[in-house]
Amino acid sequence: MFKYQLILLLLLATCGPIFGQGTKRNTLSVPKFNEISASELLTKLPEFKNDTTKVWLLNKIAAIYWWRRSDRYNDLDSCMNYALQARQLSNKLDYQPGYNESTFLICRVFAEQENINKALILIKTVSPEQQVRLNLVLGEHYINLPGSLKNNIKKGYPFLHNALRLSQTFKLIRWQQESQIALGKYYFLSDDLKRGISSFENVITYWHQLGNISEEAHWYSELGRYMPGGQENLALSIKYQKQALALYKKINAKPDMAYTADDIGQVYKEQLNNLDSAQLYSSMAIGLLKEAKVTKLYKYYYHLSDIFLEKGNFSQALSYSLAALDNIEKLKDNRMKGIVYNGLGEIYSGLGDQNNSLKYFGLAMEQLTETGTYLVFYLAKNITDNLILQGKVKEAIVFTQRFEKENPAISLRDRQVLMAIKGNCYAAAKKPVIAERYFLNMMELDSLSIKNGAIYWSKSIAGAEANYIIGKFYVDQKRYTDAYPYLKRFHGLDNKILALSKDISLLQFKVDSASGNYASAIKYYQKYSAYKDSMYNISNTGRLADMQIRYETARKEKDIKLLQKDSQLQQRRISQSSQSRNFAFAGIVMLGLIIAIGYNRFRLKQNSYIQLESKQQKINRQNEALYMLNKKQQNLLQEKEWLVKEIHHRVKNNLQMMQSLLKSQGYYIDNKDATMAIKTSQRRMQAMSLVHEKLYLDDQMNSISMYDYVHELLTYLKTSFDLEKTIVFIIQVEEFQLDIIRAIPVGLIINEVVTNAIKYAFPDGKEGLISIFLKEQEKKIILNIQDNGIGLVPDFDFEANNSFGMTLIDGLVKQLDGNLSITSKNGLDITVTFSSYTPLESISELA
């Protein structure tokens, strides 16, 4: 008992500086205590005498109940009850610090209950210094009201002004600064940026004149943190934070440097969406804390993990989330455990592993539900989204109904997320009318959320994500016209992340394709491919890790099965041996001859069994060797496939680099023929680059779809020449695969013939028609390109013509081992025929 009381007294000893007026900061906040619960303190309360220790114990219990308040718990009354007991005991003991802190808690409860008249009566019972403090409590109460009630912040000004007046009257320097800072926050919320900055700078100047670099740096950092949102103010916010960082560096205050660097990283991530800079400052914070031998790192590991998650780097995100979880468990500090669990769930969700994501979301919900944190509703959305992905729509709806009943949505943010959850559930349940109603409610709340700055809040769907959600719903319903304004609005918002930008590009491609805006559709599909390509190596890493895990698991399962078989075999041996002994014993009893015969047969069976066992072991070893050889060959084949994909990727990049170099060179050449030659070379390279790009992106390693390839090539040529619909293309291409050795020549022939037709067949902007046919018929591939242009000049001699284009076409046809036919009647008609059979030599080359 004495040991427990000693520990409790040590804990209470820490309350004085936190509650009392001796601290420089956080004097307007109720302290948090996570090392012990209110119920544990209450069981020991009767054991304490009526002295100052008991006063602090009562204040601590009141503070714990304060932080437990929510819409589900009526803990404000408990907070008030124990604060009143502490105040009464302090008055009896004439213990001023305890009296001040209990009065402070009571005032906080009155403010929370909007019982301002009682708070004003309470203020008259304390000293001038505490009157300043309680006026600031009431003023900051109105400043910190939820966003939907910010029109009430003007009610806070009289209290803040009164606090400044009292502190100046009684020359309370510290409280003058507290009042200036509170007024600065008020001015920021009132859109009076100039006066807000001036209020903070008054405090900064005071500490600068005293030469206190630490305090000067602190208030620069606070100024940066409290700057109002919006792109126009973010540069100033970063500027002040960096000034704080430079000052902390000047005095080598590494922990404070780290905390400031982390704040800068969060501004870059949450408000500027500059993930590279966010990663830089977040990494800097972790490095500085390690240099300072600080062990509490989980918050900063989580911040860096969240940055990598938004960048689509799941491998690094997982690494830092696990580091955060490990740090939490080592320190036994669970304050952020639920948030880290949610981060792990989001990482596994991004990797497509719904089982693991739901596991961690469930653990997060257990941790966070009791705290009433804003993250609970976003977490519920994560859970329902993953249940829907698993096809468990009914389970998602049941979960949503139970969650809403247990967690009433009060704030704008929570109500908006709840509308998104319901909309997603009913859309998945194929009830689009109900789903649309919830999505439209979500967008009504989105306007209010953005107006109140929710677009910059962490884990908020306001802005980009809300527009993506409703846009995706309309695209899924094939209501492209309804989807368009939301997709358009998405591009103008500041809080876009990589994964959403990738998905929105695909939605925009579908909308533009449906509306016939093919140029825009191609542009967005290229953006989607670029986003997907940028995440390719990351997802490959995930696949390799997943394959490794599955392989190890399968191997362990196999080992278990082998052990089970060995055990069964051993049991059979024991059983057979026992049977043999029984038969021998019976034979001895019955007849000696039968004993001899039985013994002889036993020996024969035993020898036979040993031989069979030896053969079986030999077969098992051979099977194991064969399995390992087969596994090795599979790994080599898979590695080769990846290498081939990488080669195609690099060839594609090199060709595109050459195109860019030629394009850049063209800007400095005045000669028209040289410029035309460069553009022609660019188109030839694009024809080859498309083949390597499709081989790199498709699962087929040795061949490509000619239907897709020809359409993409012709789309590029039309865009390249900017035809403005003067030339109509008729494209009839059958769906079949062609190997790379023949796909590239075919693409180059099409590029050469169509380019020439566009350039020469229709002079003076004449309208025309170009037809391209590619089909497989009777083991032959037939390529036919026609135009209705001016054709060739009479008596045109193909053999005498030595132009590079004709020479190239003739060489490519020979490479295909095909036949070339050219006729000029009512335009030009070119036919190339070659075998659809792939020679064995070509296959061996590709292998």
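Trainee: Which residues does Ile383 touch, leaving out those up to four places away in sequence?
Mentor: Ile383 touches Leu358, Phe361, Met365 and Phe399. Bear in mind that this is a predicted model.

Trainee: What makes Ile383 stand out in the largest nonpolar core?
Mentor: That core has 104 residues, and Met365, Ile383 and Met442 touch the most other members. A second, separate core holds 57 residues, including Phe48, Leu105, Ile106 and Cys107.

Trainee: Why is Thr384 called buried?
Mentor: Its relative accessible area is 0%. Buried means under 20%, so Thr384 qualifies. Thr384 is found in helix α20, residues 375–389.

Trainee: What does Thr384 touch, not counting residues up to four places away in sequence?
Mentor: Thr384 touches Ala396, Phe399, Thr400, Ile421 and Cys425. Phe399 is also among the residues that Ile383 touches.

Trainee: How do you know that the length of helix α8 agrees with its residue count?
Mentor: Helix α8 covers residues 128–143, which is 16 residues. At 1.5 Å a residue, α8 should span 22 Å. The end C-alpha atoms of α8 are 23 Å apart, so the two agree.

Trainee: What makes α8 mostly covered?
Mentor: Of its 16 residues, 13 are buried.

Trainee: Which residues make the contact between α8 and α9?
Mentor: From α8, they include Gln131, Val132, Asn135, Leu136 and Gly139. From α9, they include Phe159, Leu160, Ala163 and Leu166.

Trainee: How do you know that α4 is roughly antiparallel to α5?
Mentor: Helix α4 is residues 52–68, helix α5 is residues 75–93, and their axes cross at roughly 160°. The cut-off is over 145 degrees, so α4 is roughly antiparallel to α5. The axes of α4 and α5 come within 8 Å, and α4 passes α5 in a left-handed crossing.

Trainee: Which residues of α4 and α5 meet?
Mentor: Among them are Val55, Leu58, Ala62 and Trp66 in α4. In α5, they include Leu76, Cys79, Tyr82, Ala86 and Leu89.

Definitions and conventions
Residues numbered from 1 in each chain as written. Predicted model: local features only at pLDDT ≥ 70, side-chain atom pairs only at ≥ 80, totals over all residues. Heavy atoms only, no water. Helix = DSSP H or I, 4+ residues; strand = E, 2+ residues; numbered from the N terminus. Expected span 1.5 Å × (residues − 1). Buried < 20%, exposed > 50% of the residue type's maximum accessible area, 1.4 Å probe, protein only. Core = buried A, V, L, I, M, F, W, Y, C linked by side-chain atoms within 4.5 Å. Contact = heavy atoms within 4.5 Å. Axes fitted to C-alpha atoms, helices over the stretch in contact; angles between N-to-C directions. Parallel < 35°, antiparallel > 145°, perpendicular 65-115°, else oblique. Left-handed = near helix turned anticlockwise from the far one by under 90°.
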